[in-house]
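Subject: Structure for your study

Dear colleague,

Please find the structure for your study below. I would ask you to keep it open while you read my notes.

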Amino acid sequence: MANEPLRRRAEPKLARLAVKGFRSIADQELALADINVMIGPNGAGKSNLIGFCRMLSFMVSSEHGLATFVAQSGGAGALLHDGPKKTPQIDARLRIDYQQGSNEYKFRLGHAADDTFIFLEEKCRYSASGRPENPHWIDLGAGHRTPQMLRSSQLSVQRTQKTILNLMRRLAVYQFHDTSDGARIKQRCSILDDRYLRGDASNIAAFLLRLREHRSEYYYRIVETIRQLAPFFDDFVLEPEYEYVILRWREIGSDLVFGPSQASDGTLRAISLITLLLQPIETMPSMIVIDEPELGLHPFAVRVISGLIRSVSTSRQCIVATQSTQFLDEFKADEVIVVERFDRATRFNRISENELENWLSEYSLSELWDMNIFGGRPRPVAAQ
């Protein structure tokens, strides 16, 4: 039921991520928690970590997923740190933990002809809980353009492969920035595109229609939460026409029907975020990545959305990039990752709540950020 608390995480989660050579991320390793709130100045590299997560999702989406991502990004050279002459490859390693042990996956992508990537290395391994780390890596080969994880038939790989693929396929990046006249959220969508909420909310009308018809308790919880932020909101009007549906609604005390072009940018983004975070757990991604959820929201809405993220994090891992100090204050210090850039390279630094204990007794996180106690503010190049 929608009013039941989310189940505590029993699924695998991404515990560590090491990346070399991807855009501004020259060489970084990052421990990930249930909630990971990234804050830093423009250009520091928050979006590049989100971009790497998007690449992982594309890689395992289909045989041509990686090639599609590379083409949409402007070619392989555009993804390499300072270009292919300086950085000819991307090196990555993921550790996925769960109750029985850890699964690791590492790969190297090399710059190849036609501005594409080939795999220079691809390996995986499993280490059981309570035992020494397994020294044996299973080699999946080199020279291929599609992850061999998608097609490996080795019995020794299959269990590890399943765990890794499940997490990577259920890793979803959400960015609800585009609310322009041509934004996809404002267009009609097929009623058949209703299984999962897309990263730009382009199918939100079909997704809400499915919830209303099959999981009404979740649908009405979404409606009630939207009313907290927009008291004039009554209900959605989701009426399919020729197998398509568009996002429309009514206001309380009126029989007029309003369309998406009549909503404020903040209202559309709030509807998208609430739908994402209050959907049934079985349709929710295993790992949720959200880029600047505070954009265009009222301060009260920021508080509501941050509360929903905390609730979701009990069962789903969350990574959030923000520039809002108010959003920052809704989280604990050790849930915050400061993102800065030094010598053209991104650095990630997780805040230690113990180290800030004396400061936090008198100041909020946003005040400490303003005081530049833990970094994350723009700085002159000469001072880096």
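The notes below set out what was found, topic by topic.

The model is a predicted one, in which local features need pLDDT of at least 70 and side-chain atom pairs count only at pLDDT 80 or more, while totals for chains, interfaces and linings use all residues. Residues are numbered from 1 along each chain as its sequence is written, and side-chain values use heavy atoms, with hydrogens and water left out.

**Pocket and cavities**

Rolling a probe the size of a water molecule over the atoms shows where empty space is left. The search uses a 1 Å grid over the protein atoms alone: a cavity is a set of points where a 1.4 Å probe fits but cannot get out, and a pocket is an open set with protein on both sides within 12 Å along at least five of seven lines. Lining residues have an atom within 4 Å of a point. Grid points are joined across faces, edges and corners, and a volume is the space filled by probe spheres set on the points. Helices (H or I, at least four residues) and strands (E, at least two) are DSSP runs, numbered from the N terminus.

The largest pocket holds about 700 Å³ of space. Its lining consists of 22 residues, and Ser57, Ala172, Leu197, Arg198 and Gly199 lie nearest the centre. Helix H1 (46–59) and strand E8 (171–174) each supply at least two residues of this lining, and E8 gives the most, with 4 residues. By type, the lining of the pocket has 9 nonpolar, 5 polar and 8 charged residues. Here Ala, Val, Leu, Ile, Met, Phe, Trp, Tyr, Cys and Pro count as nonpolar, Asp, Glu, Lys and Arg as charged, and the others, Gly among them, as polar.

The whole structure contains 3 cavities of 30 Å³ or more. The largest cavity has a volume of about 60 Å³, and its lining includes Gln175, Ile290, Asp291 and Glu292. Helix H6 (265–277) and strand E14 (287–291) each give at least two residues to that lining.

Gln175 is found in the loop between E8 and E9. Is Gln175 buried or exposed, or partly exposed? At 34% relative accessibility, Gln175 counts as partly exposed, where buried means under 20% relative accessible area, exposed over 50%, and partly exposed in between (1.4 Å probe, protein chains only). Leaving aside neighbours within four places in sequence, Gln175 is in contact (heavy atoms within 4.5 Å) with Gly199, Asp200 and Asp291. Glu292 lies in the loop between E14 and helix H7 (299–312), and it counts as buried because its relative accessibility is 17%. Most residues other than glycine have a negative phi. Glu292, however, has a positive phi near 50°.

**Nonpolar cores**

In soluble globular proteins, nonpolar side chains tend to be buried together. A nonpolar core is a set of buried Ala, Val, Leu, Ile, Met, Phe, Trp, Tyr and Cys residues joined through side-chain atoms within 4.5 Å. The largest such core has 54 residues, of which Phe236, Leu238 and Ile309 touch the most other members. A second, separate core of 49 residues includes Met59, Phe69, Leu109 and Val339.

Strands of a sheet pair through backbone hydrogen bonds, either parallel or antiparallel. Two strands pair if DSSP finds at least two bridges between them. E10 is joined to strand E12 (residues 249–251) by 3 bridges, and Phe236 stands opposite Trp249 in E12.

Elsewhere, 6 bridges join strand E16 (residues 336–342) to strand E17 (residues 345–350), which run antiparallel. These two strands form a hairpin with 2 residues between them, and Asp343 in the turn has a positive phi of about 50°.

In helix H4 (residues 204–214), the buried residues include Ile204, Phe207 and Leu211. E10 and H6 are among the elements that cover the buried residues of H4.

Yours sincerely
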